Amino acid sequence: MWTKFSVLLLLLLFLSSLIFCEAYVSYDSRGISINGQKKILFSGSIHYPRSTPEMWPNLIQQAKEGGIGVIQTYVFWNGHEPQPGSYYFEGRYDLVRFIKLVQQAGLYLHLRIGPYACAEWNFGAFPVWLKYVPGISFRTDNGPFKDAMQKFTTKIVYMMKAEKLFATQGGPIILSQIENEYGPLEWELGEPGKAYAQWAAKMAVDLATGVPWIMCKQDDAPDPVINTCNGFYCDEFQPNKPYKPKMWTEAWTGWYTEFGGAVPHRPVEDLAFSVAKFIQTGGSFINYYMYHGGTNFGRTAGGPFVATSYDYDAPIDEFGLLREPKWGHLKDLHRAIKLCEPALLYGDHTVTALGSLQEAHVYKSKSGACAAFLANYDHNSYAALSFWNGKHNLPPWSISILPDCKNVVYNTAMLGAQTAQMKMTPISNEFNWHSYYEETSFHHGNLFSAVGLVEQVNITRDNTDYLWYSTEVVIDPNESFLKGGRWPVLTVLSAGHALHVFINGQLAGTAYGRLEEPRLTFNSGVNLKAGVNQIELLSIAVGLPNVGPHFERWNAGILGPVSLNGLNNGKRDLTWQKWTYQVGLKGEFLSLHTVTGSSSVEWMQGSYIGQRQPLTWYKTNFNSPGGDEPLALDMRTMSKGQIWINGQSIGRYWNQYKATGDCSPCNYAGWFNEKKCASNCGEASQRWYHVPRSWLYPTGNLLVVFEEWGGDPYGISLVKRQVASVCADTQEWQPTLVNWQLLSSGKVNKPLRPKAHLSCASGQKISSIKFASFGTPQGSCGSYREGSCHAFHSYDVFQRYCVGQQMCTVPVTPEIFGGDPCPGVVKKLAVEVICS
């Protein structure tokens with residue numbers, strides 16, 4: 001029998017559940033509010049398919065420890081719907097699991113449904129089957145496309161609702177995104193583009209997620225959708241309505257690597273400068289793209305020519321390790337800005353010029369909160385500034401943050417975080433290799449003939465990178481080149497992306513394009529014989545395009561013309577003769593990358609193993625190494641191909657394509673772009689390929705490599721990624737958050753000097769001191785040298801405090817180093833210690 005108490009208890013439980021579910025997200029001009037609490041939000045992009053589920057918890061935790069409050073990810077349509085109506089949400093594509101891990105860590109999530117992603121992902125994350133929907137035209141006012149887009153978007157939204165993952169349901173999702181960087185494309189398309197953008201926004205809002213939708217790079221985003229900024233710098237961006245917040249959805253932490261391109265690096269001093277500049281001009285939401293870039297496993301890399309590594313020079317590297325000083329310096333930045341939050345969100349903003357290239361941004365609230373940002377925009381010179389009766393010396397291209405308008409706690413160009421030098425340590429290169437030669441003339445079920453040339457993706461449907469184009473050429477015995485003349489020249493024009501030419505089963509040459517120009521031309525003399533000759537062209541795709549107007553119409557493969565020049569009759573056009581087409585490789589057809597498939601053929605061993613031989617499959621078995629360090633394969637002695645571990649694809653490798661670009665010394669100061677501060681010129685764009693430990697068994701792991709061009713498998717080695725050394729580079733009066741908090745609390749009443757903090761990785765200890773100098777040391781981590789002023793006890797201090805420890809802290813004071821080595825000179829401490 002129900003009692004009044006029972007009814008009251010049930011009523012209370014019901015009301016409490018309502019309160020729990022009534023989380024809401026709103027916005028105004030100053031920022032995003034969650035449950036009525038306005039916040040400055042720092043977000044970081046982590047794309048779930050670019051790492052493994054076993055990596056996700058640690059990546060999310062590292063982001064949280066770095067001051068990140070929101071995780072941002074795209075939804076990858078082609079991974080979730082590989083065939084129409086056939087859905088996949090398992091393994092690396094377990095979106096719900098990923099979001100729930102974010103929630104368990106106490107973080108929010110920004111879900112970029114798109115479903116166009118770009119992201120240097122194959123086909124921009126559109127499934128290839130979408131290209132073949134009758135009457136379709138991508139990303140414009142087109143019925144078939146809008147129907148497919150709405151269907152998938154709706155499925156994702158309903159899935160999130162079913163799992164109660166939106167903030168209105170008590171979940172972590174506080175923001176959603178529809179479309180992606182559409183504004184520039186809309187401008188090109190005109191009215192159909194504008195109509196589509198308006199439709200997409202309305203379609204999204206009508207799904208009633210209860211959280212705000214955003215559209216990035218979309219100046220005409222209709223209410224209530226928020227338009228946002230992407231780029232290296234977004235301080236000049238303003239939303240299209242005065243009541244919308246200023247949001248930066250992609251603060252580019254670096255840039256992607258392309259095969260044949262130099263590897264980009266963005267100095268953290270410039271990245272921190274851009275973030276502080278955005279905040280000082282009223283910004284309230286910043287997402288780092290990427291915070292962890294990860295790996296383009298399998299054939300997910302787009303471009304074309306995007307590398308397998310998607311490291312992006314992010315604060316957490318491809319392997320899941322902290323990139324220092326980027327991670328630590330940004331963590332300090334987030335803490336400094338959070339101290340300013342009350343003034344930034346509720347204060348009045350004033351700007352005061354302090355020089356021709358210097359200014360102060362001050363936020364002061366009625367409650368007394370005050371925060372100031374002092375900026376020096378000069379690329380070359382320090383600036384001595386006077387502000388509120390204080391003197392401040394700012395490095396070039398830097399911003400100092402004063403959370404009380406009096407004391408500096410952080411400068412974007414002064415690193416308080418340590419710098420880590422990484423190393424790849426070989427574990428084993430004594431693999432027992434077996435080889436199998438891929439025949440050029442092999443024929444299986446995916447074979448047909450036609451007159452003329454065909455477009456590659458229309459035939460392969462992107463189920464493989466490879467398509468064979470084969471034809472016969474009959475050479476008259478009376479051809480003059482057979483009697484000692486110059487070989488005839490074969491000319492092949494291809495829409496891309498790479499091409500190997502075989503004449504009578506022998507490799508005659510290779511040609512390939514580049515990201516900026518995927519098309520290629522092969523033009524070389526070929527050795528033909530009298531009678532019938534087999535010309536076999538292996539056309540290779542290196543990822544499908546992911547950006548550009550109507551990229552679904554872009555072609556790949558050999559479209560011609562194809563011709564022979566230098567015959568007695570001049571030129572022979574081969575374009576419109578009979579061609580035979582073979583989809584994929586024999587090894588793919590036999591699944592040689594799997595345990596079952598690899599047992600279906602006879603492999604060569606010992607001295608019979610082919611080296612520097614094209615079209616060769618290699619396999620070996622190995623045991624999982626001990627420890628927990630991230631693993632990689634060093635592919636430096638191979639040319640081009642693909643790698644599998646236990647049947648799972650690591651991705652494409654291409655060591656033969658050497659990087660070009662500008663690798664001159666890097667200066668953080670001045671405007672950054674993706675061509676600045678690059679490395680690896682003259683070397684492979686990518687040498688090491690991530691092997692997730694979760695893919696390995698304790699023993700008997702199968703490693704399979706397909707080499708297209710010719711390489712030496714005995715040079716392949718398994719390596720582990722470790723911290724080699726760590727450095728601290730600290731000025732003697734450098735401001736720190738800890739010191740400011742001590743001073744502001746009243747616990748101390750005199751200026752405090754900073755401390756140098758050094759920490760090796762877990763399981764490591766500081767084994768020796770490579771360099772230490774308090775004075776005027778020169779150089780940078782890895783290449784320090786003494787300056788004209790040096791305290792002779794510099795090494796002794798670190799020998800005493802640090803050797804044998806996993807971490808240590810040393811005050812930057814003259815006394816500890818035996819006294820002031822050069823009075824009247826501004827000094828700093830530089831130290832590098834070896835971790836083992």
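1. Helix α9 in this predicted model has 14 residues. From first C-alpha to last, α9 reaches 20 Å, close to the 20 Å expected at 1.5 Å a residue.

2. How many residues of α9 are buried? The count is 10 of the 14, so α9 is largely enclosed by the rest of the structure. The buried residues are K326, W327, G328, H329, L330, D332, L333, H334, A336 and I337.

3. Now the partner helix. α8 has 13 residues and reaches 18 Å between its first and last C-alpha. That is close to the 18 Å expected at 1.5 Å a residue. α8 is mostly covered, with 13 of its 13 residues buried. After α8 comes G282, whose phi is positive, near 100°.

4. How do the two helices pack? α8 spans residues 268–280, and α9 spans residues 326–339. Their axes lie 10 Å apart, at an angle of about 20°. That makes α8 roughly parallel to α9, because angles under 35 degrees count as roughly parallel. The crossing of α8 past α9 is right-handed.

5. Which residues of α8 and α9 meet? α8 contributes V268, L271, A272, V275 and I279. α9 contributes K326, H329, L330, L333 and I337. By class, this contact of α8 with α9 has 8 nonpolar, 1 polar and 1 charged residues.

6. Burial and contact can be read together on α9. K326, H329, L330, L333 and I337 meet α8, and these residues are listed among the buried ones of α9. W327, G328, D332, H334 and A336 are also buried.

Conventions
Residues numbered from 1 in each chain as written. Predicted model: local features only at pLDDT ≥ 70, side-chain atom pairs only at ≥ 80, totals over all residues. Heavy atoms only, no water. Axes fitted to C-alpha atoms, helices over the stretch in contact; angles between N-to-C directions. Helix = DSSP H or I, 4+ residues; strand = E, 2+ residues; numbered from the N terminus. Parallel < 35°, antiparallel > 145°, perpendicular 65-115°, else oblique. Left-handed = near helix turned anticlockwise from the far one by under 90°. Contact = heavy atoms within 4.5 Å. Nonpolar A, V, L, I, M, F, W, Y, C, P; charged D, E, K, R; others polar. Expected span 1.5 Å × (residues − 1). Buried < 20%, exposed > 50% of the residue type's maximum accessible area, 1.4 Å probe, protein only.
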